[in-house]
Amino acid sequence: MKGEFMGDYILYLDEANKNSTNPFFCLAGIVIRRDEYENSLIPKVNDLKDKYFSTTSIVFHYTEMKKNINEFKMFIDQNQRANFWQDFNKMLSLIDFTTLGVYFDAENFKSAYRVKHNKHYNYAFINLLNNYMTFLRYKNQSMGSIVFESRQWNENAEIQRCFMHMLECGTDIYSAKECNELLSTLSFFTKKDNCAGLQIADFVPDSFIRELNGSKNFYNVKAIFLERLFGIEQNQQTTLGLKAL
């Protein structure tokens, strides 16, 4: 029924910055219902950790896992490595989630706008939240929260101010009233908090960047994140799912 509150969703976000092989900044992550997160994602992630590391305290970090370093040195063994990523992809296929992202050429943004470093993050965040709110409206006026991995205190504060400004003034698409009806809280967690949602979100921006740059599909990890892009209709995934700014 239209207008009826239908669910409580969480958006877990991470970013990928430009480097010598990638010109893009990408802010992206997963959207998942709270009950699916608690009853499916967390248990499945913990089961996978138990199977390969005999503990649930290890924190998945995509960069370290790709490089087989630190706690992931076991992946030097090609069989272990291949088996893990096969199980990882199977795990993701059994979890109901949606992906969202935005990206832009970082140097072009810097030269065009000539603003402080953090402003590119705000720019991405505002545009991504427009699509998140569209997703929530599509889900019959559901309510959504946002979770980031904690960065420096001033960077967290900048995003918090940006979020509060949206609630007070709205965006270019949604009014302040609509923002308050659709968005609930913004939170920050550290790596030591071992947040399963952020650990899965850590894979998303890099997967999108690989697709944008035509890079090798690392153990087919990017495939499911691309398949789960939001789009009310198939041809809207480049507008509502992974949007170029």
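Helix α1 bends by about 30° at L41, and the proline P43 follows within four residues; the bend is the angle between axes fitted to the seven residues ending at a residue and the seven starting there. The model is predicted, so that local features need pLDDT of at least 70 and side-chain atom pairs count only at pLDDT 80 or more, while totals for chains, interfaces and linings use all residues. Residues are numbered from 1 along each chain as its sequence is written, and side-chain values use heavy atoms, without hydrogens and water.

Helices are DSSP runs (H or I, at least four residues) and strands likewise (E, at least two), numbered from the N terminus. The 20 residues of α1 (residues 34-53) should span 28 Å at 1.5 Å a residue, which agrees with the 26 Å between its end C-alpha atoms; the expected span is 1.5 Å times one less than the number of residues. Just after α1, S54 takes a positive phi of about 60°.

Two helix pairs are listed below, with axes fitted to C-alpha atoms over the stretch in contact and angles running from 0 to 180 degrees between N-to-C directions.

| Pair | Angle | Axis distance |
|---|---|---|
| α5 and α6 | about 40° | 10 Å |
| α1 and α3 | about 170° | 11 Å |

α1 and α3 are therefore roughly antiparallel (over 145 degrees). K44, V45, L48, K51, Y52 and F53 in α1 meet Q80, N83, F84, D87, F88 and M91 in α3.

Technical notes: Parallel < 35°, antiparallel > 145°, perpendicular 65-115°, else oblique. Contact = heavy atoms within 4.5 Å.
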